Amino acid sequence: LFANTVLHMNSFAMQVVDDACRIVTTTPLTELDLCALRIGSDGARRIADVLPLENCSLTKLDLGGNRIGDEGARYISSAIQTGTCLLRVLDMSDNDIGDLGAHVIAAAIQIRNGSLRVLDLSDNSIGDEGVRDIAAAMQTTEWTLTSLDLWNNAISDLGAAYLATALEKNKTIKRLHIEKNPISSCLLEVLSTAPEQSVPLRVAVQKRITFKRSHPAELKAFLFLAIHCGWADVVKQILPILSSFIGDI
């Protein structure tokens, strides 16, 4: 009975996808919500096939909660890097996307980001390797995203350092969500607010260290960030303070 139910749901989901593909290529529809249908990678492939078509007018697509995985992310990435895809907002949250999926998404952006401005990759399984690729894409001239959501992935302080390096160069991003990742709270705070600040990230870190007496663990996190980013002046600022806690480290 369970197997029959799952088969029926999958057939229903694919029918919805096929109907949606027909509609978006025969009408001037600009927004499409297919969230939580569990269409899988096959459904993502069908959607990706129509996105570059000249008679597709979609500018907003919600594929959240569909279990498309890395393979589905590859299909969608191939579509968004074409010259005719008009998407400005793309939601691929909660889709079992890992580092491989992040790699193909970042590669697509570096080739041609087109009109895409908002990308939601929250609630996936992207780790430091995937974020490294995304951070590299952030430093290219092809990057035009203004909002990136990486909430609830598997990003550590190393991934945060990759993003910090990118944020020093990227002037386009206005909103970055990295909450609910295994990142030190002090790094999480400065990175999350960095796009909104009028000063460089390095200066924001220096100010935080100067005006707030930091715990040794926080200083260690900032030291790790400064060394990774090559901020020699910040390293020199932290070391004397950290040495005063020598009994705790």
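Modeller: Keep in mind that the model is predicted. Every value here is computed from it.

Colleague: What does the whole chain look like, in numbers?

Modeller: The protein chain has 10 helices and 6 strands. Its C-alpha trace spans about 65 × 45 × 25 Å along the principal axes. Of the 249 residues, 49% are buried. Take the contacts with a separation of 6 or more: residues 24 or more positions apart account for 82% of them.

Colleague: Start with Ser-147. Why is Ser-147 called buried?

Modeller: The cut-off for buried is under 20% relative accessible area. Ser-147 has 9%, so it is buried. This residue lies in strand S5, residues 147–149.

Colleague: Which residues does Ser-147 touch?

Modeller: Leaving out residues up to four places away in sequence, Ser-147 touches Arg-117, Val-118, Leu-119, Ile-173 and Arg-175.

Colleague: Asp-149 is in strand S5 too. What makes Asp-149 count as buried?

Modeller: Again the limit is under 20%. Asp-149 has a relative accessible area of 17%, so the label is buried. Beyond four places in sequence, Asp-149 touches Leu-119, Asp-120, Leu-121, Ser-122 and His-177.

Colleague: How far apart are Asp-149 and Leu-121, in sequence and in space?

Modeller: They are 28 residues apart in sequence. Their C-alpha atoms are 5.6 Å apart.

Colleague: Now Thr-59. Why is Thr-59 called partly exposed?

Modeller: Partly exposed runs between the buried limit of 20% and the exposed limit of 50%. Thr-59 has 26%, so it falls in that range. Thr-59 sits in the loop between helix H2 (40–50) and strand S2 (60–62).

Colleague: What does Thr-59 touch?

Modeller: Thr-30, Leu-86, Leu-87, Arg-88 and Val-89, with residues up to four places away not counted. Thr-59 and Arg-88 are 29 residues apart in sequence, yet 5.1 Å apart C-alpha to C-alpha.

Colleague: On to H2. How do you know that its buried residues are on the same side?

Modeller: The buried residues in H2 are Gly-40, Gly-43, Ala-44, Ile-47, Ala-48 and Val-50. They cover an arc of only 160° around the axis, so they are on the same side of H2.

Colleague: Why are H2 and H3 called roughly parallel?

Modeller: The axes of H2 and helix H3 (residues 69–80) cross at roughly 5° and come within 8 Å. Angles under 35 degrees count as roughly parallel. That makes H2 roughly parallel to H3. From H2, the contact is made by Ser-41, Ala-44, Arg-45, Ile-47 and Ala-48. From H3, it is made by Glu-71, Gly-72, Tyr-75, Ile-76 and Ala-79. By class, the contact has 6 nonpolar, 2 polar and 2 charged residues.

Colleague: What makes H5 and H6 roughly parallel?

Modeller: The axes of helix H5 (residues 128–138) and H6 cross at roughly 0° and come within 9 Å. The limit is under 35 degrees. H5 and H6 are therefore roughly parallel. Asp-128, Val-131, Arg-132, Ala-135 and Met-138 in H5 meet Leu-158, Gly-159, Tyr-162, Leu-163, Ala-166 and Leu-167 in H6. Those residues divide into 8 nonpolar, 1 polar and 2 charged.

Colleague: How does the length of H6 agree with what a helix should span?

Modeller: H6 has 13 residues, 157–169. At 1.5 Å a residue they should span 18 Å. The end C-alpha atoms are 19 Å apart, which agrees.

Colleague: Which residues of H6 are buried?

Modeller: Asp-157, Gly-159, Ala-160, Ala-161, Tyr-162, Leu-163, Ala-164, Ala-166 and Leu-167. Among them, Gly-159, Tyr-162, Leu-163, Ala-166 and Leu-167 also meet H5.

Note on methods. Residues numbered from 1 in each chain as written. Predicted model: local features only at pLDDT ≥ 70, side-chain atom pairs only at ≥ 80, totals over all residues. Heavy atoms only, no water. Helix = DSSP H or I, 4+ residues; strand = E, 2+ residues; numbered from the N terminus. Buried < 20%, exposed > 50% of the residue type's maximum accessible area, 1.4 Å probe, protein only. Contact = heavy atoms within 4.5 Å. Arc of directions from axis to C-beta. Expected span 1.5 Å × (residues − 1). Axes fitted to C-alpha atoms, helices over the stretch in contact; angles between N-to-C directions. Parallel < 35°, antiparallel > 145°, perpendicular 65-115°, else oblique. Nonpolar A, V, L, I, M, F, W, Y, C, P; charged D, E, K, R; others polar.
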